[in-house]
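This note is written for a colleague who is new to the structure shown below.

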Amino acid sequence: MIRQTLFLSIFLSLFFTGCFSISSLNPFSSSKEEKKEIEIPSDAPSWLQKRNIKNHIEALGLTKNIDKKELQFHTKKALIGASHNLTKKIYAKTLYLYKAYLEKLDNPHVFDKDIKKFAEHISLKSLTHSKIINSWISSDNELFIQLGVDSNIVAEQIQQSSKLLFDVDKKLYQNFLSNRSKKDIIKYLEE
């Protein structure tokens with residue numbers, strides 16, 4: 001068991017240092033490095049072309065040139081990409097929600113680094129609730145994996161963290177923590 005874990009750790013570190021820059025590994029990096037959009041084949045199933053799942057936030061992972069004998073390995077590789085993309089998506093949306101809320105406050109006592117730490121925490125915590133929703137192998141031997149998390153779970157994480165981040169008062173509750181607000185958060189997360 002230890003040997004397998006050590007091998008996997010070494011392999012992943014070599015794989016990532018060979019394929020990505022260090023900043024691209026960190027979904028919370030402020031690097032402006034642009035990631036190529038995943039190209040969807042024309043014969044892809046409808047879930048891959050539409051990519052909006054009701055009540056979920058989703059992201060794709062892709063592995064090219066797969067060997068069907070090593071499908072488990074390629075699935076893990078695509079899952080790493082999907083996890084990275086999902087974490088980055090939740091992080092960016094959470095940051096936007098917090099910053100939009102801060103603009104409405106008269107006297108915010110919150111630092112930018114605190115908002116970023118809470119957004120990171122929410123993203124990682126939400127990722128633990130994610131599930132593989134769909135997968136597909138194209139005729140070009142590309143494996144697509146769609147990973148998703150229930151947007152209700154993410155909204156709850158945002159609301160719970162908000163209680164710790166902001167001074168809780170009636171105005172805050174009405175604007176950011178109420179059930180009405182939760183519906184607005186979910187709507188934004190699913191866009």
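1. Helix α4 (residues 71–104) and helix α6 (residues 151–165) have axes that come within 12 Å and cross at roughly 45°. The axes are lines fitted to C-alpha atoms, for helices over the stretch in contact, and angles run from 0 to 180 degrees between N-to-C directions. α4 and α6 are therefore oblique to each other; angles under 35 degrees count as roughly parallel, over 145 as roughly antiparallel, 65 to 115 as roughly perpendicular and the rest as oblique. Their crossing is right-handed, a term that applies if the near helix is turned clockwise from the far one by less than a right angle, anticlockwise being left-handed.

2. The model is predicted: local features need pLDDT of at least 70 and side-chain atom pairs count only at pLDDT 80 or more, while totals for chains, interfaces and linings use all residues. Residues are numbered from 1 along each chain as its sequence is written, and side-chain values use heavy atoms, with hydrogens and water left out.

3. Which residues of α4 and α6 meet? From α4 they are Ile90, Thr94, Leu97 and Tyr98, and from α6 they are Val154, Ile158, Ser161, Ser162 and Leu165. Contact here means heavy atoms within 4.5 Å. By class, the contact of α4 with α6 comprises 6 nonpolar residues, 3 polar and no charged. Ala, Val, Leu, Ile, Met, Phe, Trp, Tyr, Cys and Pro count as nonpolar, Asp, Glu, Lys and Arg as charged, and the others, Gly among them, as polar.

4. The protein chain has 8 helices and 3 strands, arranged along the sequence in the pattern α-α-α-β-α-α-β-β-α-α-α. Helices (H or I, at least four residues) and strands (E, at least two) are DSSP runs, numbered from the N terminus. Of the 191 residues in the chain, 36% count as buried; buried means under 20% relative accessible area, exposed over 50%, and partly exposed in between (1.4 Å probe, protein chains only). Among contacts with a separation of 6 or more, 70% are between residues 24 or more positions apart.

5. The crossing of α4 and α5 is right-handed. On the α4 side the contact includes Leu86, Ile90, Tyr91, Thr94 and Tyr98, and on the α5 side it includes Ile115, Phe118, Ala119, Ile122 and Leu127. In this contact of α4 with α5 there are 12 nonpolar, 5 polar and 4 charged residues.

6. The 3 strands form an open sheet in the order β1-β3-β2, with antiparallel pairing. Two strands pair if DSSP finds at least two bridges between them. β1 and β2 (131–137) are the edge strands, each pairing on one side only. From one strand to the next, the twist averages 20°.

7. Strand β1 (residues 56–63) is mostly covered, with 6 of its 8 residues buried. It is joined by 8 bridges to strand β3 (residues 143–150), and the two run antiparallel. Glu58 has Gly148 as its bridge partner in β3, and Leu60 has Gln146.

8. Where does Arg51 lie? Arg51 is in the loop between α3 (46–50) and β1. Leaving aside neighbours within four places in sequence, Arg51 is in contact with Glu37, Ser46, Glu58, Leu60 and Gln146. Arg51 and Gln146 are 95 residues apart in sequence, and their C-alpha atoms are 8.4 Å apart.

9. Two loop residues other than glycine have a positive phi. Asn55, in the loop between α3 and β1, has phi near 65° and counts as partly exposed at 38% relative accessibility. Asn141, in the loop between β2 and β3, has phi near 60° and is partly exposed, with a relative accessible area of 30%.

10. Ile153 belongs to helix α6. With a relative accessibility of 24%, Ile153 counts as partly exposed. The C-alpha atoms of Ile153 and Ser130 are separated by 9.8 Å, the two residues being 23 apart along the chain.
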